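Please consult the sequence and the structure as each section is read.

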Amino acid sequence: MHGKADTITGIIFILIGLVFLSMAWPFPAGTDDGVPGPGYFPILLGALLILLSLIMIVTGIVKKTSYHFFDDIFKANAGTLLLTIATITAYLALWNSIPFILNTSAFLFILGLIFRRTFVTNLVFSITTTAILYALFGRVFHVMF
């Protein structure tokens with residue numbers, strides 16, 4: 001993987017940055033009195049991700065860095081990585097279809113199984129974390145799920 005790793009990763013992160021921008025663009029970036037709006041930080045993060053990804057691509061092309069050290073690590077963890085990506089994708093795809101509490105609890109529980117947590121620890125962590133997130137964002141910040 002001479003330089004290809006940085007180039008491929010950079011392209012993937014540019015696509016993620018474009019998704020951020022496309023989702024944030026409809027929201028106002030600021031208000032008339034100069035206060036940042038709901039689109040300000042997502043637009044900023046999407047643009048920053050694209051910029052840093054472009055730097056990564058150029059660096060990968062110019063330096064042709066070798067990452068053989070990571071080859072064995074990736075091979076050993078490829079299944080875990082792919083399952084994690086699939087779980088995150090499913091979680092996001094089901095965001096509007098399944099209530100937040102059920103979706104997030106299941107998501108965290110499945111991630112716990114992937115990362116080999118014990119059943120009881122996993123169950124307690126999933127339910128507790130979901131409850132804290134729901135209380136914090138739903139009750140304190142008044143974010144509608």
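## A buried threonine

Thr 130 counts as buried, because its relative accessibility is 1% (buried means under 20% relative accessible area, exposed over 50% and partly exposed in between, with a 1.4 Å probe and protein chains only). This residue is found in helix α5; helices (H or I, at least four residues) and strands (E, at least two) are DSSP runs, numbered from the N terminus.

The side chain of Thr 130 is joined to that of Ser 105 by a polar contact of 3.2 Å. Such a contact is a pair of N or O atoms within 3.5 Å; within protein, one must be able to donate a hydrogen and the other to accept it, and residues adjacent in sequence count only if both atoms are side-chain atoms. When neighbours within four places in sequence are left aside, Thr 130 is in contact (heavy atoms within 4.5 Å) with Phe 100, Ile 101, Thr 104, Ser 105 and Leu 108.

## Basis of the model

The model is predicted: local features need pLDDT of at least 70, side-chain atom pairs count only at pLDDT 80 or more, and totals for chains, interfaces and linings use all residues. Residues are numbered from 1 along each chain as its sequence is written, and side-chain values use heavy atoms, with hydrogens and water left out.

## Overall architecture

The protein has five helices and zero strands, and its pattern along the sequence reads α-α-α-α-α. Of its 145 residues, 25% count as buried. Among contacts with a separation of 6 or more, 55% are between residues 24 or more positions apart.

## Aromatic rings

Rings of Phe, Tyr and Trp (its six-membered ring) pair if their centres lie within 6.5 Å; planes under 30 degrees apart count as stacked, over 60 as edge-to-face and the rest as tilted. By this rule there are six aromatic pairs. One of them joins Tyr 40 and Phe 41 edge-to-face, at 5.0 Å centre to centre and 85 degrees between the planes. Tyr 40 is partly exposed, with a relative accessible area of 36%.

Phe 109 and Phe 119 are also edge-to-face, because their ring centres are 5.6 Å apart and their planes at 85 degrees. Phe 109 lies in helix α4 (residues 100-114) and Phe 119 in helix α5 (residues 119-140), so the pair ties together parts that are ten residues apart in sequence. Phe 119 is exposed, at 53% relative accessible area. One aromatic cluster is formed by Tyr 91, Trp 95, Phe 100, Phe 107 and Tyr 134.
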